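Take a look at the protein below. This report covers its ligand site first, then its domains.

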Amino acid sequence: MSERQTLTFLSRRLEQHGLQPKTKYGQNFLIDLNLLDMLHTTAKVNSNDVVLEIGTGMGSLSTRMAPHAGWVITVEIDSQLQQIAAEELREFSNVTMLQVDALKNKNTLQPSLIEEVRTQMAAIPNAKFKLVANLPYNVATPIISNLMQEVPLVDRMVVTIQKELAERIVAPPSTKDYSALTIWMQSQCECRIVRIMPPSVFWPRPKVDSAILEVIPRPALRDRIVDRDYFHEKVRALFFHRRKFLRSQLAVAMQDELTKPQVDEILAKLELEPNLRAEQLSVPQIIDMLEACRTAASSPK
Ligand code: SAH
C-alpha cells in the first residue's frame with residue numbers, strides 16, 4: 001500500500017462519517033507506512049507484550065501491532081473516531097478500546113488505563129508493558145513523564161512526539177534544552193531519538209517537525225534514586241530559576257528543609273562550585289546532590 005493510498009483511505013473514512021480532523025485533539029494521522037512499521041519494529045512488539053497506545057485515531061497503528069502483540073490497549077478521547085477505529089479493529093480478539101481522556105489531570109494518568117494494563121498483564125506469563133503511540137502532541141509531556149511513576153513500569157516507550165520535545169528529553173548538560181524533564185527521564189532511562197520526521201508524513205500536516213523517541217527504563221539507574229517523588233519535586237524546583245547560581249537554586253529548592261549553611265556544606269562536600277548553574281551538572285551529579293540534601297533534611301537536627 002502506498003502513502004497515497006493511506007491518505008486517500010483515511011480522508012475517505014472521515015468523509016464517510018461526515019468528519020474532519022480536529023485540531024483541538026491534535027489529530028495528525030501518520031500516513032507513512034514505513035514509519036508506522038518503524039514504530040512497531042523499534043518497540044519489538046511480541047506476544048509477551050501488553051501494548052498501550054494513546055490516541056487510537058482510525059486504528060492504523062493498533063491494526064499493525066495487534067497480530068504480533070499479546071494484548072493491545074488503545075485509548076481515544078474522540079468518540080466519533082473511536083467508532084471508525086472499532087470497525088477496523090473488529091477482527092482482533094486481543095484489543096481493548098477505551099474511550100477516555102488518557103490524562104485524569106496534568107499530573108496523573110487516567111487510572112482505568114493502568115488498571116486495564118494490570119488486568120491484561122496478569123493473563124500473560126512474563127508480560128511486558130510497552131507504550132507505542134503517535135501521541136497527541138498537547139499531552140505528550142505529561143503522558144511520558146507520568147508513566148515513569150506508574151506500577152507496572154513500562155519496559156519501553158516508542159512514541160512520535162514534537163521534535164522539540166524529543167530534543168529536550170535527550171539534551172546534554174549546558175544546553176538550553178537541558179531541563180527538569182531531561183533530568184527526570186535521563187535519571188531513570190536511556191533515551192534516544194530514532195528518527196526525525198518532516199510534517200509531510202502526517203495528514204493533516206502539523207506546523208512542526210516530529211521525532212520518534214525511544215525510552216528504555218533501566219532499573220540500575222532508577223535504583224540510585226531513593227525517593228522518586230521527592231527527587232521529581234526537587235528537580236523541578238531546582239530548574240525553576242534557571243538564571244540563578246546553583247547555591248541559590250538549591251537554597252530555594254530546599255528552603256523549607258535546609259539552612260543556607262547546610263546547603264553550602266553539601267556543595268562543598270560534593271566539590272560543586274556554588275557559582276555553577278544546575279544546568280551545568282551531569283545527571284549523576286544532580287542525583288547525588290539531591291540525595292545528599294534529602295539525607296541531611298531527614299536526619300535529626
Ligand atoms: N495513532 C493515530 C492517531 C494519532 S493523532 C495515527 O497515527 O494515525 C492523536 C490521536 O490522539 C487523535 O486521534 C486524538 O483524537 C487522540 N487524543 C487527543 N488527546 C487525547 C487524550 N487526552 N486522550 C486520548 N486520546 C487523545
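## Polar atoms around the ligand

An oxygen atom of the ligand has a backbone N or O atom of Gly57 3.5 Å away. This model is predicted. The backbone also takes part at Ala102, where an N or O atom lies 2.9 Å from a nitrogen atom of the ligand. At Glu53 the side chain is involved: one of its N or O atoms is 3.3 Å from a nitrogen atom of the ligand.

How much of the ligand does the protein bury? Taken alone, the ligand exposes 570 Å². The protein buries 99% of that.

## Residues around the ligand

The ligand is surrounded by 21 residues. The closest are Gln27, Gly55, Glu76, Asp101 and Asn134.

## Two domains

The protein is divided into two parts: domain 1 spans 7-219 and domain 2 spans 228-298. Their centres, taken over C-alpha atoms, are 34 Å apart. Domain 1 brings 14 residues to the contact, and domain 2 brings 16.

## Where the domains meet

About 1200 Å² is buried between domain 1 and domain 2. Carbon and sulfur atoms give 63% of this area.

Now the polar side. Seven residue pairs are in polar contact between domain 1 and domain 2. The count of salt bridges between these domains is zero. On the side of domain 1 that touches domain 2, five residues are nonpolar, eight are polar and one is charged.

Notes: Residues are numbered from 1 along each chain as its sequence is written. This is a predicted model: local features need pLDDT of at least 70, side-chain atom pairs count only at pLDDT 80 or more; totals for chains, interfaces and linings use all residues. Side-chain values use heavy atoms; hydrogens and water are left out. Domain bounds come from an automatic or database domain assignment. Contact means heavy atoms within 4.5 Å. Buried area is the accessible area (1.4 Å probe) that two parts lose on being put together, summed over both. A salt bridge is a side-chain nitrogen of Lys or Arg within 4 Å of a carboxyl oxygen of Asp or Glu. A polar contact is a pair of N or O atoms within 3.5 Å; within protein, one must be able to donate a hydrogen and the other to accept it, and residues adjacent in sequence count only if both atoms are side-chain atoms. Ala, Val, Leu, Ile, Met, Phe, Trp, Tyr, Cys and Pro count as nonpolar, Asp, Glu, Lys and Arg as charged, and the others, Gly among them, as polar. A residue is near a molecule or strand if one of its heavy atoms lies within 4 Å of it. Accessible areas come from the Shrake-Rupley method with a 1.4 Å probe; for residues, only the protein chains shown count as cover.
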